[in-house]
Amino acid sequence: MSDFRIAFCVLCGLPAAGKTSFLNFVSTLLTGKNKTNSSTAKSIIFEETGTDYMKVVGIHYDIVIPYQVYQEQSVGEQPQQAVKVWKNSRQDVLLLMNVLIHGLLACAGKRQFYISQPEGINDDLWKRFVQLLQPLATSWEPSVNKVLIVIDDNMHLRSMRYEYYKLAREYGVGYCQIVLDIALDKALERNLHRTGVDQVSQDVITKMAKTLEVPDPSKNSWEKLSLTISDDVEIDWDLVISFIKTAFLNPVQPVVRKNQEESATSRSQCSSSVLHQADLILRKCVSSWLAENKLNRSLSEFQQCVKHANHTKESILSKLHQGDCDISVSLVAESQNAARDPQCLLYKFIEDLFLTQIKTKL
């Protein structure tokens with residue numbers, strides 16, 4: 001279907017900021033279930049042709065990755081192992097998002113929506129993910145031609161949001177991010193009224209407020225489509241829907257090298273500062289990965305792990321040197337001393353390459 005469109009809307013904010021409620025209300029507007037609000041929403045659902053049919057998919061991280069996993073980072077008996085499980089789970093969700101986009105594109109114009117469980121994803125995680133997609137699957141029709149994927153998570157670190165921008169760029173789909181801004185004391189108060197697994201540790205919320213990285217389009221061009229909504233003002237839903245419409249109409253353009261000269265320039269950049277920092281970062285990745293995989297292995301098995309990790313490192317360095325890895329200008333600009341900052345986007349980019357490749361070939 002040539003006019004089939006997908007867009008990501010990444011929500012960002014402290015726990016209890018109202019992200020899930022925001023998602024639910026936006027969904028009713030965009031799918032036409034709310035008849036009393038937003039003339040702008042109607043213009044998205046029924047544009048000039050009058051045939052637009054939209055679906056909204058909410059990816060709730062608290063459902064896909066139960067919050068106990070995050071809490072165990074601080075209070076678990078094996079905090080390092082808990083951190084590893086939590087990080088791996090987030091990487092698995094990104095893998096599932098690839099599967100979801102493939103499925104959407106493959107099923108556009110068809111009578112049914114379906115996806116298959118990929119290798120390497122455990123059954124429990126898969127079941128929770130499929131649970132989120134159940135409303136989409138049961139209401140799918142050939143006329144669906146727009147799908148908004150809303151990421152319902154704290155996304156307090158820029159590197160977390162950048163993962164979804166990279167996905168949007170890879171598939172040429174829309175991307176936007178919305179910050180639900182709330183005062184820390186108010187978030188803490190709301191959280192106290194939550195019960196059971198919905199209640200988050202007050203210490204976690206306080207720590208998250210200190211590390212929250214709000215969008216900064218002036219420094220990061222990929223964050224240009226960002227909207228901040230303050231908790232103490234009434235939400236302009238027409239503005240919100242218009243903002244989302246902009247994401248649909250302006251998909252992220254995939255990185256394409258125009259000519260050999262551009263490729264040569266890219267290789268030249270990677271052969272200097274970027275390549276040097278990448279080497280340092282990969283050394284750290286290798287050390288960390290080997291430390292995590294040393295337990296319960298024989299000497300010969302661990303030696304194979306060492307060989308595999310070093311081969312992965314050299315493979316990535318070779319691709320960077322040959323210009324086979326697409327590195328944006330913003331990442332190149334961060335190349336100086338990137339190996340010293342694990343939160344740096346270049347560090348995250350290289351680390352992601354390593355973890356993805358070593359997991360794929362393991």
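Where is the place of Ala16?

Guide: This is a predicted model, so please read every value that follows as computed from it. Ala16 sits in the loop between β1 (5-12) and α1. Its phi is near 75°, a positive value in a residue other than glycine. Most residues other than glycine have a negative phi. Ala16 is also buried: its relative accessible area is 6%, and the cut-off for that label is under 20%.

What does Ala16 touch? One partner is Ala187. Ala187 belongs to helix α8 (residues 184-192). Ala187 is buried, with a relative accessible area of 0%. Leaving aside its neighbours within four places in sequence, Ala187 is in contact with Leu14, Pro15, Ala16, Ile182 and Ile205. Take Pro15 from that list. Ala187 and Pro15 are 172 residues apart in sequence, yet 6.8 Å apart in space, C-alpha to C-alpha.

That pairing has a counterpart in the chain totals. Of the contacts in the protein chain with a separation of 6 or more, 77% join residues 24 or more positions apart. The chain has 362 residues, and 48% of them count as buried. Its secondary structure comes to 14 helices and five strands.

Now follow the loop of Ala16 to its other end, helix α1. Helix α1 (residues 19-30) packs with helix α10 (residues 237-249): their axes come within 11 Å and cross at roughly 75°. An angle of 65 to 115 degrees counts as roughly perpendicular, and α1 and α10 are therefore roughly perpendicular to each other. From α1 come Phe22, Phe25, Val26, Leu29 and Leu30; they meet Trp237, Val240, Ile241 and Ile244 in α10. The residues of this contact divide into nine nonpolar, no polar and no charged.

Met155 lies between β3 (146-152) and α7 (158-171). Phi of Met155 is near 45°, again a positive value in a residue other than glycine. Met155 is buried, with a relative accessible area of 1%.

Step on into α7, where Ser159 is found. Ser159 is buried, at a relative accessible area of 7%. Apart from its neighbours within four places in sequence, Ser159 is in contact with Glu213, Gln343, Leu345 and Lys348.

Asp92 is in helix α5 (residues 79-107). Asp92 is buried, with a relative accessible area of 8%. Not counting residues up to four places away in sequence, Asp92 touches Ile121, Leu125 and Lys359.

Leu125 is one of the buried residues of α6, together with Trp126, Phe129, Leu132, Leu133 and Leu136. An α-helix has 3.6 residues a turn, so residues three or four places apart point the same way. Helix α6 (residues 123-138) has 16 residues. From its first C-alpha to its last, α6 reaches 21 Å, close to the 22 Å expected at 1.5 Å a residue. Still, α6 has a kink of about 45° at Leu132, shortly before the proline Pro135. Leu132, at that kink, is itself buried.

Terms used
Residues are numbered from 1 along each chain as its sequence is written. This is a predicted model: local features need pLDDT of at least 70, side-chain atom pairs count only at pLDDT 80 or more; totals for chains, interfaces and linings use all residues. Side-chain values use heavy atoms; hydrogens and water are left out. Helices (H or I, at least four residues) and strands (E, at least two) are DSSP runs, numbered from the N terminus. Buried means under 20% relative accessible area, exposed over 50%, partly exposed in between (1.4 Å probe, protein chains only). Contact means heavy atoms within 4.5 Å. Axes are lines fitted to C-alpha atoms, for helices over the stretch in contact, and angles run from 0 to 180 degrees between N-to-C directions. Angles under 35 degrees count as roughly parallel, over 145 as roughly antiparallel, 65 to 115 as roughly perpendicular and the rest as oblique. Ala, Val, Leu, Ile, Met, Phe, Trp, Tyr, Cys and Pro count as nonpolar, Asp, Glu, Lys and Arg as charged, and the others, Gly among them, as polar. The expected span of a helix is 1.5 Å times one less than its number of residues. The bend at a residue is the angle between axes fitted to the seven residues ending there and the seven starting there.
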